[in-house]
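Hi,

Here is the structure I promised to pass on. Have a look at it first, and my notes on what turned up follow below.

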Amino acid sequence: MATVAELKAVLKDTLEKRGVLGHLKARIRAEVFNALDDDHEPRPSLSHENLLINELIREYLEFNKYKFTASVLIAESGQPIVPLDRQFLIRELNAFEDSKDNSM
């Protein structure tokens, strides 16, 4: 019969292999941050450049399915909750979009 320690090890290994453990840790971090965040303290205003940089970082995080990391970025930076229009970003950055995969 398996010991409690062995069962814990198997459970942890299984959750890690499925990618659930990292997801849970990220979710807990995001929830702790939200609980500790002081909504009454005003955020510094974002410069135009920082707004664009944060939006690129958000796009990267969301593309890679780091949604809890993205939610912390949005909360900490004061970035608008609604993402900037992709065409606006392309124009502002003088970038071009590859029509095959919609990436910049």
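A definition before anything else: buried means under 20% relative accessible area, exposed means over 50%, and partly exposed is whatever falls in between, using a 1.4 Å probe and protein chains only. This is a predicted model, so local features need pLDDT of at least 70 and side-chain atom pairs count only at pLDDT 80 or more, while totals for chains, interfaces and linings use all residues. Residues are numbered from 1 along each chain as its sequence is written, and side-chain values use heavy atoms, with hydrogens and water left out.

Let's begin with A30. With a relative accessible area of 3%, A30 is buried. The residue belongs to helix α2 (residues 20–36); helices here are DSSP runs of H or I with at least four residues, strands are runs of E with at least two, and both are numbered from the N terminus. Which residues touch A30, once neighbours within four places in sequence are set aside? They are F68, S71 and V72, where contact means heavy atoms within 4.5 Å. A30 and A70 sit 40 residues apart in sequence, and their C-alpha atoms are 9.4 Å apart in space.

On to the helix packing. The axes of α3 (residues 48–63) and α4 (residues 67–77) come within 9 Å and cross at roughly 160 degrees. That makes α3 roughly antiparallel to α4. For reference, axes are lines fitted to C-alpha atoms, for helices over the stretch in contact, and angles run from 0 to 180 degrees between N-to-C directions. Angles under 35 degrees count as roughly parallel, over 145 as roughly antiparallel, 65 to 115 as roughly perpendicular, and the rest as oblique. On the α3 side the contact with α4 uses N54, I57, R58, L61 and E62, and on the α4 side T69, A70, L73, I74 and S77. Sorted by class, that contact has 5 nonpolar, 3 polar and 2 charged residues. The classes are Ala, Val, Leu, Ile, Met, Phe, Trp, Tyr, Cys and Pro as nonpolar, Asp, Glu, Lys and Arg as charged, and the others, Gly among them, as polar.

Helix α3 also packs on α5, at an angle of about 125 degrees and with the axes 11 Å apart. That makes α3 oblique to α5. Here H48, L52, E55, L56 and E59 of α3 meet R86, F88, L89, E92 and L93 of α5. The count by class for α3 with α5 is 5 nonpolar, 1 polar and 4 charged.

Finally, some backbone angles. K65, in the loop between α3 and α4, has a positive phi near 65 degrees without being a glycine, and K65 is exposed at 69% relative accessible area. N94, in the segment after α5, has a positive phi of about 50 degrees although it is not a glycine; N94 is exposed as well, at 72%.

Cheers
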